[in-house]
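Here's a quick walk through the model on your screen. Have a look at the chain first, then read on.

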Amino acid sequence: LITLGDALSSLGVEVKRAETTLEALLRSDEDMAALYLSHRKQRGEARPEKEHVEVELMLEAAAAQYADLEDRILGVRASLAAHRSLEELKLRNERNRIMRLEVLLQMGSLSLALAAVSGGFFGMNLHSGVEEVPHLLWLVAGGPPRAAAPLLRA
């Protein structure tokens, strides 16, 4: 898209220059009369300034074509800008998807770390009397996964 944009810009500059040159030529009756080269070659003299209708019509037609070309270039530039913004939107969407995946992995790591800490704390070979409490094993084994489950769903 970048090379296409650059090519359109350079083409637009060339068209604008040609259009400016044609407008300057159309403002000068003397220059338009001087464009009759075959008349000058055949008769040895320049054509009178007031006899330039045919050249003026041809130059006006060419100026209209350049104006049309400039309008088409503007249309393609607008289309190019729309495609560029669409591609940027796709890239943002992909980046957001990757960031969501990273957050999910971090939350999973946090929940596993929570389970590992509680398991490690109660799995030590220290006697504190807590290990004698009935049903505490099920509370310790089932509590961290239950506490970590909301972290994974968030």
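## Overall shape

A compact globule of 154 residues would have a radius of gyration near 15 Å, yet the protein chain comes in at 40 Å. That radius is taken over C-alpha atoms, and the globule rule is 2.2 Å times the number of residues to the power 0.38. Along its principal axes, the C-alpha trace of the protein chain spans about 125 × 20 × 20 Å.

Before going further, some ground rules: this is a predicted model, where local features need pLDDT of at least 70 and side-chain atom pairs count only at pLDDT 80 or more, while totals for chains, interfaces and linings use all residues. Residues are numbered from 1 along each chain as its sequence is written, and side-chain values use heavy atoms, with hydrogens and water left out.

Helix α1 covers residues 2-27, and its 26 residues reach 38 Å from first C-alpha to last. That is close to the 38 Å expected at 1.5 Å a residue, where the expected span is 1.5 Å times one less than the number of residues. The buried residues of α1 are Gly5, Leu8, Gly12, Val15, Ala18, Glu19, Leu22 and Leu26. Buried here means under 20% relative accessible area, exposed means over 50%, and partly exposed is in between (1.4 Å probe, protein chains only). As background, an α-helix has 3.6 residues a turn, so residues three or four places apart point the same way.

## Surface, contacts and charge

Of the 154 residues in the protein chain, 18% count as buried. The accessible surface comes to about 12100 Å², and 62% of that belongs to carbon and sulfur atoms; the areas come from the Shrake-Rupley method with a 1.4 Å probe, and for residues only the protein chains shown count as cover.

Contacts (heavy atoms within 4.5 Å) tell you about sequence separation too. Among those between residues at least 6 apart in sequence, 62% join residues at least 24 apart.

The protein chain carries 18 positive and 22 negative charges, and their mean positions are 6 Å apart. Lys and Arg count as positive and Asp and Glu as negative, leaving out His and the chain ends; each charge is placed at NZ of Lys, CZ of Arg, CG of Asp or CD of Glu.

Leu112 is in helix α4 (residues 53-122), and it counts as exposed because its relative accessibility is 63%. From Leu69 to Gln106, 37 residues along the chain, the C-alpha separation is 55 Å.

Glu51 sits in the loop between α3 (37-43) and α4, and is partly exposed at 39% relative accessibility. Its C-alpha is 104 Å from that of Gly120, 69 residues away along the chain.

Key:
Helices (H or I, at least four residues) and strands (E, at least two) are DSSP runs, numbered from the N terminus.
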